[in-house]
Amino acid sequence: MPDIHAPTKNQSTVRTLLRLWPYVRPVRTRLFSAAFIAVLASCLGLLIPLVLKWIVDGPVSDGDPGGVWLGALVLLLLGVAEALLFGLRRWLVARPLAGVEAAMRADLYRHVQRLPVSFHDRWPSGQLLSRGTTDLSLVRMFLAFPLTFLLVNAVTILVGFVILLSQEWTLGLVLIVPVVPLVGLCSLFETRYSLAARRAQDQVGDLTTLVEESVLGVRIIKGFGRHRSQARAFGSLARELRGTELHKARLLAALWGVITAIPELAIGAALVLGTVRVADGGLSAGTLVAFLSTALALRWPVDSIGFLLAMSQEAGTATERFFEVLDEPLPAPSLNPPGVGGGKGGLPGATPPDPHAGPAAPAPRLRGSAPDPAPQTPEGLEMPRGAGNCATSHTQPADENLGIRFHHVAFRYPDAPSDSPPLLSEIDLHIRSGETMAIVGGTGSGKTTLTALVPRLYEATGGRITLDGVDIAGMPRDELRALVAVAFEEPTLFSASVGENVLMGGGDTDDLDRALDVAQAGFVRELPHGVETQVGEQGLSLSGGQRQRLALARAVVGRPRFLVLDDPLSALDVHTEARVEAALRDVLRETTALVVAHRPSTVMLADRVALLSGGRIAAVGTHQELLRSNAEYAWLMSGAGDEGEER
Ligand SMILES: Nc1ncnc2c1ncn2[C@@H]1O[C@H](COP(=O)(O)OP(=O)(O)OP(=O)(O)O)[C@@H](O)[C@H]1O
Ligand SMILES: [Mg+2]
């Protein structure tokens with residue numbers, strides 16, 4: 001597992017920040033114009049001391065009040081122009097930079113959605129959240145402010161020094177000498193601050209994870225009275241973060257102290273030297289005034305370098321953290337047509353259109369050399385959505401290729417210890433077209449893992465899986481996932497209406513009613529707004545059994561060609577279970593299904609049963625056959641001990 005708390009390579013901040021270019025490119029004209037305007041405004045400010053010099057050496061020493069008024073008017077105009085130009089700069093960058101942030105966030109979200117489940121197993125969600133929020137704001141702030149002002153300040157300081165040297169080069173040198181130690185100091189600061197910034201941003205991620213877990217797991221925490229230990233864990237993480245932030249503040253304070261003190265000393269020295277020169281008559285009073293006010297005008301550009309560098313460091317770290325996620329390779333070359341997201345990732349409202357919505361939609365074509373599995377009825381109405389009509393396939397001669405086939409499939413989790421044996425090996429299984437196969441096995445035997453291989457939530461590490469003869473590895477993901485519908489052990493509902501949650505599985509309003517009937521989810525109609533009722537985060541406002549029934553409805557609503565159910569009835573009472581089973585039987589007749597079963601009643605839904613044991617399919621047969629011939633199966637089904645408990 002890569003350490004997500006440390007930069008993988010020691011890249012320079014500038015190199016990291018340069019990676020932002022593709023995002024900045026579309027707004028480059030505005031950004032460059034804004035920077036140019038800011039440089040102009042800042043240099044206008046530098047004209048003020050020159051006007052002062054003219055006033056002091058001209059009208060003031062000549063006693064000409066008219067000239068002073070004119071000088072004052074010029075000063076006022078310069079000030080107003082400077083303010084207007086800075087205002088214009090802000091207006092120019094605000095909107096495009098919000099767009100840059102939005103584009104980066106959209107890319108991150110899209111990438112996170114498309115990354116394989118194994119990535120999400122490794123990455124704490126808080127780390128992703130903080131990268132998508134805090135870090136991206138830091139990047140936007142950097143583009144809006146430090147990026148421009150580091151340039152503006154550099155140009156201003158340069159122009160300022162040229163003016164200073166041209167006024168009086170000896171005094172100018174007095175001011176320039178301290179720049180050398182300042183540059184060295186800044187580079188030392190950069191290295192140390194960059195490490196601290198990285199640590200702080202990672203700690204924000206960890207803290208976000210903890211807060212998220214505590215909120216989602218609030219029932220467990222309360223139920224076990226763990227709020228104190230949870231608060232302690234939070235307190236210690238928050239303290240660590242505070243320590244890092246204080247460390248950052250100390251570094252910045254030290255830099256700022258030196259950055260402000262050294263120029264002050266230099267200006268003081270120049271003042272003494274200049275006064276002596278004016279007294280000697282070697283320098284005009286106006287020149288000294290102009291010199292000192294230029295030096296003072298340069299104070300802000302110099303002073304601000306400290307926090308501009310700090311903000312740039314943070315933005316560099318944020319960019320690095322952003323690209324750490326974006327650089328995670330996507331599973332396989334995506335065969336998805338552009339614009340269609342793979343999988344069922346997005347929230348209901350945002351999901352791409354279901355390719356099979358509407359009765360006239362063509363059935364998805366499987367690629368490869370597979371025979372066309374089944375013809376469509378002329379109306380195309382009554383058949384299951386998917387590649388073939390399973391109702392008719394019952395009457396067709398059995399085809400070796402039809403259905404789901406596992407060919408020598410092996411699997412090991414990417415993060416499993418390298419010396420451990422594969423979790424699944426030599427899995428050979430054929431679920432014939434239209435057949436329902438139950439998977440039975442002890443807890444932790446790999447049933448969930450096996451089912452997750454079919455929609456390619458994980459990639460099999462050996463062998464291949466075919467659907468109606470077509471290798472799923474070569475199938476576009478969206479096509480595969482339109483063919484295969486799933487319901488998992490832990491039913492997740494999104495913050496959306498009940499109807500939207502169920503229709504994530506495809507289908508239309510008519511299908512919705514049918515699916516709710518199949519899943520015996522009639523309770524939905526009693527909810528305050530029926531299917532329009534919003535269910536809370538993860539459907540917390542519904543009971544476990546209710547959620548499970550909605551998840552089941554979601555799996556069957558699109559009349560999938562292949563159905564994968566991971567113990568879909570575990571949370572139901574016996575009566576509801578019996579009713580769901582009765583209704584489910586009709587659905588199972590129409591599709592090819594793989595159903596993980598823990599209890600005999602669920603097994604009864606299946607035509608045949610496969611026993612998973614020791615990472616292999618130990619036996620396949622009907623329930624009765626296995627009961628008679630296989631002791632382990634008989635034991636698992638006997639209810640001896642708690643169901644599913646490890647022996
Ligand atoms: N994401 C993962 N990374 C690494 N190992 C995992 C992961 N998920 C599960 N495992 C391990 O794989 C094994 C099989 O898990 P799986 O969830 O497939 O079991 P199961 O048969 O479905 O169990 P149950 O009957 O309890 O649902 C377990 O030992 C588990 O610890
Ligand atoms: Mg399981």
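How many of the residues of strand β10 (residues 592–596) are buried? Five of its five are, which leaves this strand mostly covered; buried here is under 20% relative accessible area with a 1.4 Å probe, counting protein chains only. Strands, like helices, are DSSP runs numbered from the N terminus, with at least two residues (E) for a strand and at least four (H or I) for a helix.

Before going on, a word on what you're looking at. This is a predicted model, where local features need pLDDT of at least 70 and side-chain atom pairs count only at pLDDT 80 or more, while totals for chains, interfaces and linings use all residues. Residues are numbered from 1 along each chain as its sequence is written, chains are lettered from A and ligands numbered from 1 in the order written, and side-chain values use heavy atoms, leaving out hydrogens and water.

Back to β10. In a regular strand the side chains alternate between the two faces of the sheet. Here, T592, L594 and V596 point one way, A593 and V595 point the other way, and all of them are buried.

Who are its neighbours? β10 pairs with strand β3 (residues 436–440) in the parallel sense over four bridges, and two strands pair if DSSP finds at least two bridges between them. Within that pairing, V596 is the bridge partner of I439. Strand β9 (residues 562–566) also runs parallel to β10, joined by five bridges, with F562 standing opposite T592. To get from β9 to β10, the chain passes through helix α23 (residues 574–590), making a right-handed β-α-β crossover. In other words, with the strands pointing away from you, the path from the first strand over the helix to the second runs clockwise.

Now look at another group of strands. Four of them form an open, antiparallel sheet in the order β2-β1-β4-β5. Its edges are β2 (424–431) and β5 (470–471), each pairing on one side only. β1 (residues 404–411) and β4 (residues 462–467) are linked by five bridges, and A410 of the chain sits opposite G462 in β4.

Finally, there's ligand 1. It has 15 residues around it, the closest being T443, K447, T448, T449 and E489; a residue counts as near if one of its heavy atoms lies within 4 Å. Helix α17 (residues 447–453) gives the largest share of this shell, three residues. As for polar contacts (pairs of N or O atoms within 3.5 Å), a polar side-chain atom of K447 is 2.7 Å from an oxygen atom of ligand 1, and a side-chain N or O atom of T448 is 2.5 Å from an oxygen atom of the ligand.

Technical notes. Buried < 20%, exposed > 50% of the residue type's maximum accessible area, 1.4 Å probe, protein only. Polar contact = N/O pair within 3.5 Å; in protein donor to acceptor, adjacent residues only side chain to side chain.
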